[in-house]
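Hi,

Here is the structure I said I would pass on. Have a look at it first, and my notes come after.

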Amino acid sequence: MTKHLYRRAVAPLLIVLCMAAALSTVACDDADKHRAAQAAAGVASGLSALEAEAEALYHAGAIDKQEAIVLVLGISDLTRVNDQYVEQLRSFSTLDTSNRQVVVNWLAEMTRSVDALNNEGVLRVKNPASRAKLAAYIAAVRSSLGIVSTLTGAK
Amino acid sequence: MNPQLVAVTLESLVALTKLLAELKQASGMTDEQLLDFAGTKGAETRAAAENFIATLRT
């Protein structure tokens, strides 16, 4: 059982590790606003893929209706927060001490919301293989949030 | 192994690979392009989520 679960989960996790490597090169950019925009784009991509995954798992019978509803509502909320951040970033020509708080607030809210989605949605999925796949996407979103951690002083 | 599970696993790998490709592509974008990309993706995700939730509640 554990061996099979490991096999099912290992390939997605390897891809997430590649993703983390790709994002770490992205994070080498000097411009703070560019990094903030890259984080928003990475989060948007990850949430889009997570939503598609939740739908695919539901249609395959790998998660039930209630699990799917909790997941997709959480993803929708996170997407709304990210969209608001994107609109705020558009209005800034650069990131400096006068507007950096926007990034700090976004990171804090996104971190809280991703933790909530993970704890109340992903970790409550009964099927272990489905849970492992969804967790890989959560890891991808967290990797994108990591891009701005140096801008906000978060560790 | 359950064939349905194999199919779902393969779909997941395809989706994760697509995500990786998108992120690599995004690394070469300007700020404006990144924000446009994020905005478009966000709109698509919200629309998909709303449609899916509506389907689940009927």
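This is a predicted model: local features need pLDDT of at least 70, side-chain atom pairs count only at pLDDT 80 or more; totals for chains, interfaces and linings use all residues.

Chain A first. Chain A has 155 residues, and 52% of them count as buried. If you take the contacts in chain A between residues at least 6 apart in sequence, 80% join residues at least 24 apart.

Now the interface. About 3,800 Å² is buried between chain A and chain B, and carbon and sulfur atoms give 71% of that area. On the chain A side 48 residues take part, and on the chain B side 39 residues do. Seven residue pairs are in polar contact between the two chains, counting pairs with both residues at pLDDT 80 or more. The rule also finds three salt bridges across the interface. One to look up in your viewer joins the side chains of Asp83(A) and Arg46(B), with N to O at 2.6 Å.

Which parts of chain A make up the side that touches chain B? Helix 1 (2-26), helix 2 (32-59), helix 3 (65-90) and helix 5 (128-146) each supply at least two residues. Helix 2 of chain A gives the most, with 20 residues. Sorted by class, that side of chain A has 29 nonpolar, nine polar and 10 charged residues.

- His34(A) is found in helix 2 of chain A. Is it buried or exposed? His34(A) has 8% relative accessibility, which is under the 20% cut-off, so it counts as buried. Its side chain reaches across to the backbone oxygen of Met29(B) at 3.4 Å.

- Ala52(A) is also placed in helix 2 of chain A. Its relative accessible area is 40%, and because that lies between 20% and 50%, Ala52(A) is partly exposed. Ala52(A) and Lys126(A) are 74 residues apart in sequence, and their C-alpha atoms are 19 Å apart in space.

- Ile69(A) has its place in helix 3 of chain A. With a relative accessible area of 11%, under the 20% cut-off, Ile69(A) is therefore buried. What does Ile69(A) touch, leaving out residues up to four places away in sequence? The partners are Ile53(B), Leu56(B) and Arg57(B). Within chain A, the C-alpha atoms of Ile69(A) and Ala54(A) are separated by 9.2 Å, and these two are 15 residues apart along the chain.

That brings us to helix 2 of chain B. Helix 2 of chain B covers residues 31-57, which makes 27 residues. From first C-alpha to last it reaches 39 Å, close to the 39 Å expected at 1.5 Å a residue. The buried residues in this helix include Leu34(B), Phe37(B), Ala38(B), Lys41(B), Thr45(B), Ala49(B), Phe52(B), Ile53(B) and Leu56(B).

Cheers

Conventions. Residues are numbered from 1 along each chain as its sequence is written. Chains are lettered from A and ligands numbered from 1 in the order in which they are written. Side-chain values use heavy atoms; hydrogens and water are left out. Contact means heavy atoms within 4.5 Å. Buried area is the accessible area (1.4 Å probe) that two parts lose on being put together, summed over both. A salt bridge is a side-chain nitrogen of Lys or Arg within 4 Å of a carboxyl oxygen of Asp or Glu. A polar contact is a pair of N or O atoms within 3.5 Å; within protein, one must be able to donate a hydrogen and the other to accept it, and residues adjacent in sequence count only if both atoms are side-chain atoms. Helices (H or I, at least four residues) and strands (E, at least two) are DSSP runs, numbered from the N terminus. Ala, Val, Leu, Ile, Met, Phe, Trp, Tyr, Cys and Pro count as nonpolar, Asp, Glu, Lys and Arg as charged, and the others, Gly among them, as polar. The expected span of a helix is 1.5 Å times one less than its number of residues. Buried means under 20% relative accessible area, exposed over 50%, partly exposed in between (1.4 Å probe, protein chains only).
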